[in-house]
Amino acid sequence: MSSGETQVRWSRMSLEELQSFWSDEIEPALERAGVDLEERPSYQQVADAGYSGIAYALREHHEMTLTDFLATVGYEESDSSGAYQWGIDDETTVDELESYLETLERRRQLATSTVRTKQSRLATYARIYREVHGQADLVDRVADAADESDEIRRSLVVFDELNYELGTDASKLRYLSDVSQFYEHLGRRAKAAFNPVEHIDEEYNWSREEPDNAALTGRQVSRLYDAAESQSEELVVLALCAWGLRRNEVAALHTSQLVLEGDDPHIAFGDERKNGPGTVALIYGVPDLGERIDRLGDDDPGWSGYLFPSSRSSSGHITGETVQARFQRLAEKADVHVRGEVPTSKMGRRFWYTTYNQAIKNLRENLDVIAAEQGSSDSSVVLKNYLSEEERRQYRREFMREQLAEIFES
């Protein structure tokens, strides 16, 4: 093992940094070791050169195999017919996988990096399926409902392998989600009679908890907002980061939900909102929202009232996945990353929570002076005993508005 390997902090590198490190450091080392770089290097050759750590980093932090990674830096399989990308020889499965990814990119408009990640996970599943079952005929084996029991068993064998290979429950659940969504895609096109992995998570003790939820910083939100080139893009950032909405709530926003006049502008959701109040206060960005409504009404006299309309959707509005895709494209344009990854829309919602908590902290610090004058060391006494509920709400919103203005207007 090379002494250089212990000095490489693999886990801290983004995928782009690993690609640069490959070109700048690993390839020259392989060349010095006599490896023919006209062909794809093997894991053993990489390990012998002192860089075996890259395989672990790719698997644990980027959910890629070394082979997947090498394809991103220019190394193809000896068979360049196109099947090399998947590592399987079932043409029907390859065609359907590529059709599915095209749908994600063209119709759902997911970011290219997101589609590539999903491609890598699906390819890994298909390759393991081929290894343990002889052939990756994923499509043919779900065409007949009579085969459901056998195919569930075969899928379980594949996930037994993934359960052993992958390091974290979150990683295993992401693989399961992507594979399941592929089968759902087949079902919508009447090419699958069932989804063999629909309930597989119930077979394992995988935890969905996220104890360390990453959030965007104020500086990153400022960069996202600055990178927005249209009113629609600006509104996506405001809805996620300044109002704390979920992506599906953003996608389906309708003028009938909006109360913009008076002292309490808000969005009304009614009883259907998941785990939250039925109304969301519009503390910041009301003028932007009003301008968006005016523009949509001026541009289309028959406008349906949805803030993000879609003529191709039966619902009349875009999907939550489209909100996610637009947010991630904006993040790529603004060069905003969280822990080396393109942030998700959920991180905008988490930003709202962290910002609101900071606003409450600032409010309490300001009330400390009043508390001291009242002979109390606890500002919560002032909040509870000397301010009405309406005053408490007003102060909270004022401090939150200041926090948001500092970020969006910087």
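This is a short talk on one chain and its predicted model.

First, the ground rules. The model is predicted, so local features need pLDDT of at least 70, side-chain atom pairs count only at pLDDT 80 or more, and totals for chains, interfaces and linings use all residues. Residues are numbered from 1 along each chain as its sequence is written, and side-chain values use heavy atoms, with hydrogens and water left out.

Confidence next. pLDDT is the predictor's confidence in each residue, from 0 to 100. The chain averages 82, and 84% of the residues score at least 70. Among the elements, helix α10 (residues 231-242) has the highest mean pLDDT, 95. Helix α15 (residues 379-385) has the lowest, 51. One is residues 1-6, with seven contacts beyond four places in sequence. Another is residues 77-84, also with seven such contacts. Contact here means heavy atoms within 4.5 Å. Where pLDDT is low, the predicted coordinates should not be read in detail.

Now the overall fold. The chain has 16 helices and three strands. These are DSSP runs, numbered from the N terminus: helices are H or I with at least four residues, strands are E with at least two. Of the 410 residues, 46% count as buried. Buried means under 20% relative accessible area, exposed over 50%, and partly exposed in between, with a 1.4 Å probe and protein chains only. Take contacts between residues at least 6 apart in sequence: 65% of them join residues at least 24 apart.

On to the sheet. The three strands form an open sheet, in the order β1-β2-β3, with antiparallel pairing. β1 (258-259) and β3 (279-281) are the edges; each has a single partner strand, so one side of each lacks a neighbour in the sheet. Two strands pair if DSSP finds at least two bridges between them. β1 and β2 (residues 266-268) have two bridges. Leu-258 has Ile-267 in β2 as its bridge partner.

Helix α5 covers residues 91-106. How far apart should its ends be? At 1.5 Å a residue, its 16 residues should span 22 Å, and the end C-alpha atoms are 22 Å apart, so the two agree. The expected span is 1.5 Å times one less than the number of residues. The buried residues of α5 include Val-94, Leu-97, Tyr-100, Leu-101 and Leu-104. Glu-96 is buried there too.

Then helix α6, residues 112-133, which holds Ser-120. Is Ser-120 buried or exposed? Ser-120 is buried, with a relative accessible area of 8%. Leaving out residues up to four places away in sequence, Ser-120 touches Glu-63, Met-64 and Asp-68.

Last, charges. Side chains of opposite charge can pair when their charged atoms come close. How many salt bridges does a search of the whole structure find? Ten. The cut-off is a side-chain nitrogen of Lys or Arg within 4 Å of a carboxyl oxygen of Asp or Glu.

Asp-137 and Arg-141 form one, at 3.0 Å, N to O. Both Asp-137 and Arg-141 are buried.

Arg-154 and Glu-151 form another, with the closest N and O atoms 2.7 Å apart. They sit in helix α7 (residues 148-165), three residues apart, about one turn of the helix. Both Arg-154 and Glu-151 are buried.

Arg-246 bridges to Glu-249, closest N and O atoms 3.0 Å apart. Glu-249 is buried, at 12% relative accessible area. Elsewhere, salt bridges that share partners join Lys-118, Arg-121 and Asp-178 into one network.
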